Amino acid sequence: MKRLEKRALICLTFAAVLLLGLCIFVYRFFAYGDDWATFYANQSIYTEGRLCVGRIYDRNGTVLCDNTDEDSRYNEDYLIREATVHAVGDMDGNISTGALSAYADKLVGYNVLTGTYSLTGKGNDLKLTIDADACKAAYQALGGRNGCVGVYNYKTGEIVCMVSTPSFDPATHERGDDTVSGMYLNKFLSSKLPPGSIFKLVTTAAAIDNLDNLDSWSYTCVGKSYINDEPITCVQAHGTVDFYGALAKSCNCAYAELTQKIGPTLMKEYVERLGLTREYDIDGIGNIAGSFEFTDVPLNLSWAGIGQYQDMVNPCSMMVYMGAIANKGVAVTPRLLMKTVSSKETTEMLDEDTAEQLTDMMKNNVVETYYEYNFPGLDIYAKSGTAEVEGREPHAWFSGFIKNEKNPYAFIVCVENGGYGSQVAAPVANAVLQEIVNK
């Protein structure tokens, strides 16, 4: 009897292990079946390691990539190919955030019942939210300089422009080609850089919400101030500035004082609240989170509030924050796939009154500092940044949004080691926005 009980127990143990294994397999099949089916060794959808099914279009139906058994055919215009390669991807899969890699399961038409089988054998069409002509305009405006440009609809979340440089032509680029550092990296999604003075829009939001008597606040800038005998410097003496003037003239000394009043705890709270340390799910593609350090050391805290010290911002996250200001404090998560039914995730980042004051201050920046004639026909609200980089020219930034019922777009431009933001990055923003609005 004992022997029978022992054998029964062994059989039950094996059955339990088998059932557990089956449950794990079923879970993994549904969770990771698309990855298994789109493995590069699947010869029904890959030829010599290259995806051979599926077509990718831009939002207007322009063909960006057509995969066939013979080859991958990209757009005929080499400028469009180079401008959109980080959104589309390359045939060797070097760009992990490109559609060819990130959306391989959608291109092959995978589902749990039929796997990758399709009646036509040609896969599926995939339409991205980007506008090929807008990307081309941004790419040309960058003029061979390294950096990135992003523009998205802050009402729907659709990314209409996503350009990263250095780039390459996916139609002629072959394995073994010499690579330029960063050419496979989508900097809009996967980089973080010192923001310089565009970060003052974060400090400004914290000041509006937490400091009293800003209407009567003023600061007299003589070009330099000292904290424990260490200098905070401005490019020039700004004289006496009020709250609006401190932002319009981008006075570092004034913002050092404001940051001291706000304190490290609130500064940390606001970079988190405004999404700058967040990773967004962009239709299955993630961006990288920014990183910041706000210490009790007064000098370091001051530089952090100005946008220097250890501040590192992701361009996509900063663009979403710009959209939140434009959208009365509500941020819409970006998306890259066109859908018949708009689906969007929203986050309330700011009180509506705070967003309205920031909007008013950003318009004042344009009127007083950047000048509206530089952006003909655009109702634009913006802040520039010139981020110091040790031993090299500063990064040039320009961030903001336009108000237009038909074209509600937020934008971000970064030209690495480009110089002054208002002089270098602002014309790039104007070029791409003009293409979008006047198309």
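Does Cys253 count as buried or exposed, and at what relative accessibility?

Author: Cys253 counts as buried, at 2% relative accessibility. Buried means under 20% relative accessible area, exposed means over 50%, and partly exposed lies in between (1.4 Å probe, protein chains only). The areas come from the Shrake-Rupley method with a 1.4 Å probe, and for residues only the protein chains shown count as cover. The model is predicted, so local features need pLDDT of at least 70 and side-chain atom pairs count only at pLDDT 80 or more, while totals for chains, interfaces and linings use all residues. Residues are numbered from 1 along each chain as its sequence is written, and side-chain values use heavy atoms, with hydrogens and water left out.

The closest cysteine sulfur to that of Cys253 belongs to Cys234, and at 3.6 Å it is too far for a bond. A disulfide is a pair of cysteine sulfur atoms within 2.5 Å, and a search of the whole structure finds 0 of them. Cys65 is also buried, at 0% relative accessibility.

Next, the charged pairs. Side chains of opposite charge can pair when their charged atoms come close. A salt bridge here is a side-chain nitrogen of Lys or Arg within 4 Å of a carboxyl oxygen of Asp or Glu, and the count comes to 14. Asp133 forms one with Lys439, where the closest N and O atoms are 3.0 Å apart. This pair links distant parts of the chain, 306 residues apart: Asp133 is in helix α5 (residues 132-142), and Lys439 is in the segment after α14 (421-437). Asp133 is partly exposed, at 32%. Helices (H or I, at least four residues) and strands (E, at least two) are DSSP runs numbered from the N terminus.

Arg335 pairs with Glu158 at 3.3 Å between the closest N and O atoms. Arg335 sits in the loop between β15 (330-332) and β16, Glu158 in the loop between β7 (147-153) and β8 (159-165), and 177 residues separate them. Both residues are buried. Arg278 is in the loop between α10 and β13, and Glu345 is in the loop between β15 and β16, 67 residues apart. Arg278 is partly exposed at 23%, and so is Glu345 at 44%. Returning to Glu158 and Arg335, these two are linked with Arg59 in a network of salt bridges.

Other charges gather in surface patches. Patches are made of residues with over 30% relative accessible area and no salt bridge; like charges are joined within 9 Å, and nonpolar side chains (Val, Leu, Ile, Met, Phe, Trp, Tyr) within 5 Å. Lys and Arg count as positive and Asp and Glu as negative, with His and the chain ends not counted. The place of a charge is NZ of Lys, CZ of Arg, CG of Asp or CD of Glu. Glu348, Asp351, Glu352, Asp353 and Glu356 form a negative patch, to which helix α13 (residues 352-370) gives the most, with 3 residues. Asp351 is found in the loop between β16 (346-348) and α13, and is partly exposed at 40%. The positive patch brings together Lys155, Lys328, Lys344 and Lys403. Of these, Lys403 lies in the loop between β18 (392-402) and β19 (409-415) and is partly exposed at 37%.
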